Amino acid sequence: MAEEAPSGKKLTIGIPRETAAHERRVALTPDGVKKYVAAGVTVLVQKDAGKDAYFSDAAFENAGAKIVEEPRGIYKYSDLILKVQKPTTEEIDEMRPGSAIIAFLSPMNDLDLVRHLQERKITSISMDAIPRTTRAQYMDALSSQATVGGYKAVLIAAYELPKFFPLLTTAAGNIPPAKVLVIGAGVAGLMAIGTARRLGAVVEAYDARSVVKEQIESLGGKYVEIDTGADLAGAGGYAKEASDDILRRQQEGLAERAAKSDVIITTAAVPGRPAPRLIPATTVERMAPGSVIVDLAAETGGNCELTEKGKIVQRHGVTLVGTLNLPSTMAVHSSQMYSKNLQNLLALMIDKDGQLHIDMDDDIIANSVITMDGNVIHEGTKQRLNPVSTPA
Ligand code: NAD
């Protein structure tokens, strides 16, 4: 199955300004634009699309893009829209049937969006569906953005903590290093461990997949062992969802550590599922006043029971950070990394003549296409749309 840009003409790529609240990133940077323009592709950039990430309209124009005042024009005249966040219903309605969009669509959590893309016959590709394989790592935007999130989480914790991170020996007395506990040692967690270590903290980390022990230790962290009776390592390197019994044992094991920690950074996640509740209110109560929890899982319900999505609150003297979308707060580098990921993906889809080909024989593309030709292609999303009912 392959789909081409209409009438053999060269592709028109559209870069809209992001409309989601607090989203500062832009999907393609001027460097990326330059490359496509050189290949004869037309690149339309909405006015101010890069402004919040400090990429000016002038920089886009110098790279060869055409600046478009009206967002409608971008959606209407582009064969391929590149975005960070999922499009709104209105934005999809402006797109031509047969045109394509690439963004973080999280299709399994937004079936209405998928149905709409399907009805409008839009080819949609989700950056969060790119497989986590060695070949796909150059286009793995989940990883690049999680790297930013893990780094920024530690900086926020250091800012909120009324203590130093490093060990200090001064004339005004000796200061012990901060104790940081990282929960979940995927991409964000590992970046958090490295960043906290570089700031001089003593770091320990826990993950439900014991295979990460070596990675934690290689970054200078101490691996926390909790006997839950099961390793949750699942397919594709992801963790399986914890049963109630395992979760209870994890909570108990972590409560001991939490009480001795100045900072907890939580990143535990299971794709398509609510975040595991690893820090109940009773654990927060046991922490010393002034301690800080940064909950990177706030978007999907939080790893801590008391996290408030999108807010920074104090509970039992502990500062709980539930700030969302940390990559957006570092929009220069997060845009740059996202743009690179997109270009690496597009290298599989745009040929030297500037034509778009969706090659379903390529495993990376086949896994990432959500809708095409009025059909839902992505397996996980299909299952969510049509769950197989099991007999009672
Ligand atoms: P993620 O954001 O989905 O989850 C973060 C971490 O939370 C994971 O390490 C997971 O094991 C952990 N977790 C889930 N439930 C937990 C629980 N109940 N208690 C404690 N921890 C829990 O993870 P991610 O950063 O997206 O990485 C997922 C996997 O993909 C990892 O195995 C990673 O090594 C792999 N990966 C591979 C590549 C590649 O090969 N190119 C790139 C990036 C990530």
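Serine 339 is buried in this predicted model, and its relative accessible area comes out at 0%. That figure sits under the 20% cut-off, which is why the residue counts as buried. The serine is found in helix H12. Setting aside the neighbours within four places in sequence, serine 339 is in contact with Ala27, Leu28 and Thr29.

Helix H12, which spans residues 331–346, also has a helical packing partner: helix H6, residues 141–160. Two packed helices are described by the angle between their axes and the distance between the axes. For H6 and H12 the angle is about 170° and the axes lie 9 Å apart. Angles over 145 degrees count as roughly antiparallel, and H6 and H12 are therefore roughly antiparallel to each other. Their crossing is right-handed. As for who touches whom, H6 brings Ala141, Ser144, Gln145 and Val148 to the contact, while H12 supplies Ser334, Met337, Tyr338 and Asn341.

Now to the strands. An open sheet is built from 8 strands, and reading across it gives the order S3-S2-S1-S4-S5-S6-S16-S17. The pairing in this sheet is mixed. Strand S3 (66–68) and strand S17 (375–376) stand at the edges; each has a single partner strand, so one side of each is left without a neighbour in the sheet. At the S17 end, the pairing with strand S16 (residues 369–372) is antiparallel and runs over 2 bridges. Within that pairing, methionine 372 stands opposite asparagine 375 in S17.

Another strand pairing involves S9 and S10. Strand S9 covers residues 179–183 and is mostly covered, with 4 of its 5 residues buried. Strand S10 takes in residues 202–206. S9 and S10 run parallel and are joined by 5 bridges. Across this pair, isoleucine 183 stands opposite tyrosine 206 in S10.

How values were computed:
Residues are numbered from 1 along each chain as its sequence is written. This is a predicted model: local features need pLDDT of at least 70, side-chain atom pairs count only at pLDDT 80 or more; totals for chains, interfaces and linings use all residues. Side-chain values use heavy atoms; hydrogens and water are left out. Two strands pair if DSSP finds at least two bridges between them. Axes are lines fitted to C-alpha atoms, for helices over the stretch in contact, and angles run from 0 to 180 degrees between N-to-C directions. Angles under 35 degrees count as roughly parallel, over 145 as roughly antiparallel, 65 to 115 as roughly perpendicular and the rest as oblique. A crossing is left-handed if the near helix is turned anticlockwise from the far one by less than a right angle, and right-handed if clockwise. Contact means heavy atoms within 4.5 Å. Buried means under 20% relative accessible area, exposed over 50%, partly exposed in between (1.4 Å probe, protein chains only).
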